[in-house]
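Colleague: I am new to this model, and I keep meeting labels. Could you tell me what stands behind each one?

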Amino acid sequence: MTETLLPDRRDWKTAWRALRTLLSDGDDTTQVFVIMRALNAGNGKRNYARLVRSFEGGRIAYAQQELADKLSDPAYIDSFAPGTVGAAYRDFLHSTGFSAMGLAEVSNLDKEAQPMRHPYAWFGRRIRDTHDIWHVLTGYKAEETLGEACLVAFSYAQVGGLGWAFIAVGASIKSVLVTRRFAFARAVWEGYRRGRRAAWLAGEDYHALLNEPIAAARARLGLGTPAAYARAARLLGPQAANYASLGTA
């Protein structure tokens with residue numbers, strides 16, 4: 001294990017360079033993980049401690065299941081009944097072409113053959129592997145800058161880590177410059193507030209959650225309708241809502 005894999009200090013220069021690249025090309029997902037490594041020092045430790053303080057969280061932490069493997073099993077994905085969170089996640093995978101293992105490969109900045117066997121690193125992978133499930137639960141689209149920015153703001157409220165906030169704020173500022181409107185920024189702020197109000201998604205038993213009816217899961221977790229996000233999507237339209245893929249610096 002090297003010091004760079006679990007950094008204890010923030011690297012703002014690297015984060016700023018990666019953010020500029022990301023906001024010029026919203027499809028360059030690697031830059032998200034560069035930013036997370038640069039700014040999320042100590043975040044895994046705090047969240048892992050929170051997880052193990054609860055009975056269910058202690059069991060989950062003890063098992064240390066690698067969710068990317070489970071969520072990449074076609075038989076498992078096909079097993080969910082209609083109307084469940086898992087069925088909605090299956091539809092998400094089919095419509096976007098995304099995969100849990102694909103995200104894991106993009107995040108592997110050091111090209112390690114095996115994941116690092118450390119509880120804090122495992123918790124980070126848990127957040128990474130459930131990112132698209134959070135898209136499904138929150139209603140934020142994954143194929144647009146607006147939806148991703150709202151979810152990173154939600155994620156900052158849920159698990160902390162300055163990397164999430166850095167991306168959300170950077171995207172919001174650029175949105176004002178590009179669109180000349182504040183609708184995007186208001187939706188991002190709503191995402192943060194939703195994350196503060198919702199239950200802690202990182203502590204969920206994801207096998208149970210994926211088999212839960214999606215309407216019931218959203219109600220239980222405190223995930224209401226994102227009104228500001230819906231308004232911004234209507235006002236800005238598909239192109240402006242996805243401005244980071246336009247190549248404008």
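Modeller: Take helix α3 (residues 43-52) and helix α9 first: their axes come within 9 Å and cross at roughly 85 degrees. The model is predicted, so local features need pLDDT of at least 70 and side-chain atom pairs count only at pLDDT 80 or more, while totals for chains, interfaces and linings use all residues. Residues are numbered from 1 along each chain as its sequence is written, and side-chain values use heavy atoms, with hydrogens and water left out.

Colleague: What makes α3 roughly perpendicular to α9?

Modeller: The angle. Axes are lines fitted to C-alpha atoms, for helices over the stretch in contact, and angles run from 0 to 180 degrees between N-to-C directions. Under 35 degrees counts as roughly parallel, over 145 as roughly antiparallel, 65 to 115 as roughly perpendicular, and the rest as oblique. The crossing is at roughly 85 degrees, so α3 is roughly perpendicular to α9.

Colleague: How do you know what counts as a helix?

Modeller: Helices (H or I, at least four residues) and strands (E, at least two) are DSSP runs, numbered from the N terminus.

Colleague: Which residues of α3 and α9 meet?

Modeller: G44, K45, N47, Y48 and L51 in α3 meet P119, Y120, W122 and F123 in α9. Contact means heavy atoms within 4.5 Å. By class, six of these residues are nonpolar, two polar and one charged. Ala, Val, Leu, Ile, Met, Phe, Trp, Tyr, Cys and Pro count as nonpolar, Asp, Glu, Lys and Arg as charged, and the others, Gly among them, as polar.

Colleague: Why is P119 called partly exposed?

Modeller: Its relative accessibility is 26%. Buried means under 20% relative accessible area, exposed over 50%, and partly exposed in between (1.4 Å probe, protein chains only). At 26%, P119 therefore counts as partly exposed. P119 lies in helix α9 (residues 119-129). Leaving aside neighbours within four places in sequence, P119 is in contact with Y48 and Q64.

Colleague: Why does E66 count as buried?

Modeller: E66 has 15% relative accessibility, so it counts as buried. E66 lies in the loop between α4 (55-63) and α5 (67-71). E66 touches R117, W122 and R125, not counting residues up to four places away in sequence.

Colleague: And P226: buried or exposed?

Modeller: Buried, because its relative accessible area is 10%. P226 is placed in the loop between α15 (214-221) and α16 (227-241). Apart from neighbours within four places in sequence, P226 is in contact with T138, Y140, E190 and R194.

Colleague: What makes G139 partly exposed?

Modeller: A relative accessibility of 36%, so G139 counts as partly exposed. G139 sits in the loop between α10 (131-138) and α11. G139 touches R218 and Y229, not counting residues up to four places away in sequence.

Colleague: Why is α2 called oblique to α12?

Modeller: The axes of helix α2 (residues 30-39) and helix α12 (residues 162-179) come within 7 Å and cross at roughly 130 degrees. That makes α2 oblique to α12. V32, I35, M36 and L39 in α2 meet L162, G163, W164, F166 and I167 in α12. The residues of this contact divide into eight nonpolar, one polar and no charged.

Colleague: Last, what is meant by a nonpolar core?

Modeller: It is a set of buried Ala, Val, Leu, Ile, Met, Phe, Trp, Tyr and Cys residues joined through side-chain atoms within 4.5 Å. The largest one here has 67 residues, and L71, Y89 and L137 have the most contacts inside it. Helix α11 (residues 145-159) gives the most to this core, with eight residues. L71 touches Y76, I77, Y89, A100, D129, I133 and L210, not counting residues up to four places away in sequence.
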